Amino acid sequence: MSALPVLTDYAALFLQDIPLMDVRAPVEFKQGAFPSATNVPLLDDRQRELIGTEYKRAGQDAAIALGLQLATPTIREQRQQAWQNYIAAHPQGALYCFRGGLRSRTTQQWLAEQGIVYPLIKGGYKAMRRFLLETLEQACEHQPFICVSGRTGSGKTDLLQRLPHTIDLEALACHRGSTFGHTVFPQPGQIDFENALAIALLIHRHNYPGAPLFIEDESHLIGRIALPTLFQSALKRSPRIVLEDSNESREQRVVRDYIVGQRNAFAEQFAVEAKERFAAFVLGNLDRIKRRLGGVRHQQLRDEWSHALSEFETTGKVDGFLPGIRSLLADYYDPMYDYQFSLRDSPVICRGNADSLVMWASGQALHLSSMPSSRQ
């Protein structure tokens, strides 16, 4: 039999969004994976633990012997069927384990015995993760960024959708980036977020080398996801555009995104308990900033919004939320934004409403590709 195929071009794997069959144990997959990967393990968590213990006790040969013992005909048939099902759905994919070693070679060999030739990725997860970390570091060094700043509710996410060459960090983090920014879907793991960010940066560099990337000016945390330190520093050094909008429009946008939009999301995800879950979401987030609001103000807002929630569920009217939103913007979010904005010394290169910033970007952003890198 000729040598089985081994892949070494990590960039091509991510640029082409190659389906990846991850044969690590489920516990490893949960700790960190890639967007295009699916966990179809060789060993379950208990088997991995037993073999690892045997390896430490008696060495590799003893661990291999135990692995063969655990691979009963029934277990082997189950594994092979799961792999074959995946490969039938993803014939152009590839497989890997943690280091591209024994587990991935065993998987590849077992498949070959069934007449299925499927490529293995050299170095496995560890090598691909290292490649993505290097990609992220290179982007922080050389990629021109333009940060989109603006007060809460000004429509930065909407603006990003109209600008050329963007990465939506909040979409990658599955969080809107504020106290009320939680969504009905769980956030990814920290490593998963970093991998997805690095892949997005790699794709941009490949398709539009030198073109500036517009990215929302985030704090160091998006929910529980932390921006990588080097990436955060690169954004802080980068020039900014500032989105401005009227207070009335901001209030209406907050209602649209954080009340109506979130309620609809809860309805889709939790048909029966949506009402109760949404009320707990709104009031629970308000409780999280109780200390900053003060007890009296917090209780006042909680009473107002409890009534507003009841009215919203009964009539669909959202007016009851507006006084509280107006107060939070003026007394909580705006002062916090202004303070953080004052700490930045990177230049503001344009400010205005969404239409004017889109017009500016279409006419000027390409020239910014000649800007020095964010490190210079």
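What is the mean pLDDT of the protein chain, and what share of its residues reach 70 or more?

**Figure 1. Confidence across the predicted model.** The structure shown is a predicted model. The mean pLDDT of the protein chain is 90, and 94% of the residues reach 70 or more. Over residues 369-376, pLDDT stays under 50. For this segment the model has 15 contacts beyond four places in sequence. Where pLDDT is low, the predicted coordinates should not be read in detail.

**Figure 2. Close-up of the largest pocket.** The space in the largest pocket amounts to about 1,300 Å³. Its lining comprises 46 residues, and G177, S178, E218, S219 and M336 lie nearest the centre of the pocket. By class, 12 of the lining residues are nonpolar, 17 are polar and 17 are charged.

**Figure 3. Helices and strands around the largest pocket.** At least two lining residues come from each of the strands β6 (145-150) and β9 (221-222). The helices α8 (156-160), α11 (229-237), α12 (247-269), α14 (290-293) and α16 (322-342) likewise supply at least two residues each. Helix α16 gives the most to this lining, with six residues.

**Figure 4. Close-up of the second largest pocket.** About 1,000 Å³ of space lies in the second largest pocket. The pocket is lined by 33 residues, of which L43, R48, I51, L102 and R103 are the closest to its centre. The lining divides into 15 nonpolar, nine polar and nine charged residues.

**Figure 5. Helices around the second largest pocket.** Helices α2 (26-31), α3 (45-58), α4 (60-70), α5 (73-89) and α6 (102-113) each contribute at least two residues to the lining of the second largest pocket. The greatest contribution is that of α3, with eight residues.

Figure 6. Residue I87 is found in helix α5. With a relative accessible area of 9%, I87 is classed as buried, because this value falls under the 20% cut-off. Leaving aside residues up to four places away in sequence, I87 touches L111, I116 and Y118.

**Figure 7. Separation of I87 and K156.** In sequence, I87 and K156 are 69 residues apart. In space, the C-alpha to C-alpha distance between I87 and K156 is 41 Å.

Note on methods. Residues numbered from 1 in each chain as written. Predicted model: local features only at pLDDT ≥ 70, side-chain atom pairs only at ≥ 80, totals over all residues. Heavy atoms only, no water. 1 Å grid on protein atoms, 1.4 Å probe; cavity = no way out; pocket = protein on both sides within 12 Å on 5 of 7 lines; lining within 4 Å. Points joined across faces, edges and corners; volume = space filled by probe spheres on them. Helix = DSSP H or I, 4+ residues; strand = E, 2+ residues; numbered from the N terminus. Nonpolar A, V, L, I, M, F, W, Y, C, P; charged D, E, K, R; others polar. Buried < 20%, exposed > 50% of the residue type's maximum accessible area, 1.4 Å probe, protein only. Contact = heavy atoms within 4.5 Å. pLDDT = per-residue confidence, 0-100.
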